[in-house]
Amino acid sequence: MSNSFDLEDAPVAPAAAPPYLETLNDAQRAAVEATEGPVLVLAGAGTGKTRVLTTRLAHILRQGKARSWEVMAVTFTNKAAREMRERVAAILGMPIEGWWVGTFHATGARMLRSHAEVVGLKPNFTILDDDDQIRLLKQIAAPHHFDERRWPTRVLMGQIQRWKDRGLSPAKVSGAEGAEIADGGLLALYHEYQERLKSLNAVDFGDLLLHCLTVFQERPDILAQYHEKFRYLLVDEYQDSNVAQYLWLRLLAQQRRNICCVGDDDQSIYSWRGAEVGNILRFEQDFPGARIIRLERNYRSTPHILAAASRLIAHNAGRLGKTLWTDVGEGEKLRVSGLWDGEDEARMVADEIESLHGRRKPLNEMAVLVRAGFQTREFEERLMRRAIPYRVIGGPRFYERQEVRDAVAYVRVVAQPDDDLAFERIVNVPKRGLGPATLQTLHKLARAEGIPLTQSTQRLVETDELKPQARSVLQKLMADFDRWRGLVGQLHHPDLAAQILEESGYTAMWKSLTRADKSLEAAGRLDNLKELIAAMEDFETLEAFLEHVSLVMENEQSNAGDKVTLMTLHGAKGLEFDTVFLPGWEEELFPHRRALDEGGASALEEERRLAYVGLTRARERVHISFVANRRIYNQWQSAIPSRFIDELPPENVDVVSRPGLYGSGAGRPGLAEAPATFLGGRRLRRERRDAEWPATAGSRSGFAPGQRVFHQKFGYGRITTVDGNKLEIAFEKAGVKKVINSFVEAA
DNA sequence: GTACATTCTCTTTTT
DNA sequence: GAGAATGTAC
């Protein structure tokens with residue numbers, strides 16, 4: 001239908017420049033007006049990226065270059081997608097229908113629903129969440145007897161995920177690489193996992209794009225339809241795209257080549273999830289003749305903040321390079337505080353917040369940005385005690401909460417009887433006296449006959465295979481499900497959901513928790529269930545609701561009121577605040593030790609980009625802090641300031657370290673001058689804490705103290721001493737052991 | 001066979 | 001201080 005559409009049919013473009021263009025600077029305007037051909041917009045932090053993106057989209061529609069259903073815009077978060085919709089509609093002054101603006105995953109799902117049969121699925125396939133994935137893989141892996149210690153299911157899942165991120169279906173994983181991991185066992189598992197998903201009529205998140213690639217490759221005619229349909233492609237946060245997303249985009253863009261990617265290589269912080277900075281660095285090669293437009297004028301931060309961020313990020317190699325500038329006035333220097341411990345730090349932040357608030361600064365304009373989620377706790381406690389309102393972004397998300405997932409599973413079993421994973425989740429919730437043995441029986445029949453669990457259960461209930469008690473309980477449950485299914489379409493779906501939760505005994509289960517310490521929690525859970533049911537009102541059908549749940553894991557919490565924001569640095573990307581607190585700038589925490597252990601030098605650069613993201617969130621004030629003593633689950637550890645502190649330009653920073661505390665931060669001679677910060681940092685660490693520290697990746701032959709290793713019998717550990725071919729290793733589970741180096745391999 | 005209590009690990013970032 | 005894997009009591 002859209003195929004018949006021609007440019008000639010479009011409304012004639014107005015002669016004068018539309019008003020929305022006039023407030024843009026030259027670079028921004030160029031990025032908006034360069035509609036034809038491939039364009040890469042390198043948008044530094046605070047340079048008006050979203051503005052350009054939305055104006056460009058509005059411009060394309062307003063100029064009549066395409067109808068709304070002929071543009072596709074992809075983002076990474078639902079929030080970004082929503083914002084894009086709203087802002088474009090605002091510019092154009094009308095709501096826009098039928099266009100493809102959404103996350104990569106939602107867009108992939110939308111396409112895949114139309115062509116599911118090409119990859120052997122039915123259009124109503126279910127989308128598994130993380131938890132389902134892990135449980136499924138665990139099931140599949142069980143008979144293979146993987147060494148749990150060496151290959152925890154999470155790790156296996158992670159590797160499969162990474163293959164998917166790289167666009168590799170099981171058949172495409174190279175033999176060599178497949179054989180590398182668990183002697184090829186994982187690749188076999190990957191095959192099996194995909195088979196199992198297909199038989200469940202389910203996909204995981206990675207499949208949403210991976211299957212699209214397969215569809216495009218096997219059915220050029222389908223791809224051609226999309227070429228015809230989409231005249232313009234827009235991509236947000238391109239630096240975070242993975243290989244699968246890149247391939248997907250390239251296939252879609254290859255015909256018309258009207259693709260515009262916006263991103264900032266300095267803000268690439270998702271490589272651990274498969275993102276490839278290479279995608280943005282390589283754009284020109286991928287799309288010959290591409291135009292590169294740099295947005296370098298920063299509208300957000302003071303010169304001090306910009307200078308500090310720029311100096312810090314300059315320590316990274318392999319950047320495309322941008323020079324951010326601003327013409328706003330000086331402002332305050334960054335403050336770096338050294339404190340005694342985490343409590344001290346939280347108190348300082350709370351003091352500071354109170355003082356700013358006393359000077360009429362809104363709490364909404366203050367944020368505490370941490371490296372890892374658990375760090376928010378200390379601040380929460382302190383803010384609560386001071387009665388300073390706050391909100392925590394991230395954390396346990398609404399649709400990930402146990403009670404919400406249980407409730408959704410009930411609804412899923414009703415709407416999609418073949419959904420084994422949902423069925424399994426709730427057969428024995430609330431407790432119905434069904435244990436592993438009974439489940440085993442259900443599974444056995446299902447597998448033998450190749451039927452879903454609901455069917456095998458139905459059959460077994462009619463026999464004497466099960467124990468009488470299990471049989472009667474399941475009989476009732478199956479009858480309940482039948483009844484509820486009969487009500488689909490009859491009853492308004494939120495009411496049906498409420499009825500299901502009531503009659504299944506699920507709500508009663510929480511209500512019965514009357515123990516003092518649990519009753520508050522139970523009340524919260526019941527509230528969440530109510531909220532879930534209320535949320536269903538927004539959807540036409542049960543199916544539409546379930547799709548939403550699968551794709552939108554975000555917590556749309558009410559953000560009303562003046563509150564301080566607490567969140568991770570990752571969560572803060574794209575946001576801005578007048579005042580930003582950056583606590584926990586200590587080695588091992590930031591940069592995080594795990595990141596360094598696993599990713600070496602490139603991970604260090606990513607940690608640095610994370611620091612850069614943190615700094616550039618601030619408009620007026622940045623307050624960095626580190627502590628000398630940090631309690632990592634019941635043990636006190638002494639900590640040293642992050643190397644990133646030494647990478648800040650002294651002239652833009654005020655150090656307010658408490659006297660007598662170890663490390664005064666920026667400007668310390670010796671540290672700042674060390675050629676490679678890595679080296680400097682390490683020498684320092686050696687003095688302080690001897691053998692516990694990780695060696696950098698790439699120690700030469702043999703083993704070195706501090707190195708992380710794996711031992712067949714003892715699992716993972718860290719070398720403490722090396723004596724010829726004898727090693728002493730502190731194992732994570734087995735304690736300290738002496739072993740011969742040939743029994744050990746680098747982890 | 002199930003349900004509950006006790007032990008033990010491990011804590012990065014998430015569409 | 002939480003989750004899972006294990007052990008123990010019905």
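Reader: At what angle do helix α20 and helix α21 pack, and how far apart are their axes?

Author: Two packed helices are described by the angle between their axes and the distance between the axes. In this predicted model, where local features need pLDDT of at least 70, side-chain atom pairs count only at pLDDT 80 or more, and totals for chains, interfaces and linings use all residues, helix α20 (residues 436-449) and helix α21 (residues 453-461) pack at about 110° with axes 8 Å apart. Residues are numbered from 1 along each chain as its sequence is written, while chains are lettered from A and ligands numbered from 1 in the order in which they are written. Helices (H or I, at least four residues) and strands (E, at least two) are DSSP runs numbered from the N terminus, and axes are lines fitted to C-alpha atoms, for helices over the stretch in contact, with angles from 0 to 180 degrees between N-to-C directions.

Reader: How are α20 and α21 oriented to each other, roughly parallel or roughly perpendicular?

Author: Since 65 to 115 degrees counts as roughly perpendicular, α20 and α21 are therefore roughly perpendicular to each other.

Reader: Which residues of α20 and α21 meet?

Author: With contact defined as C-beta atoms, placed from the backbone, within 7 Å, T441, L442, L445, A446 and E449 in α20 meet L453, S456, T457, R459 and L460 in α21.

Reader: In what order do the strands of the open sheet run?

Author: Strands pair if DSSP finds at least two bridges between them, and here 6 strands follow the order β3-β2-β6-β7-β1-β8 with parallel pairing. Because β3 (100-103) and β8 (291-295) each have a single partner strand, one side of each is left without a neighbour in the sheet.

Methods. Parallel < 35°, antiparallel > 145°, perpendicular 65-115°, else oblique. Contact = placed C-beta atoms within 7 Å.
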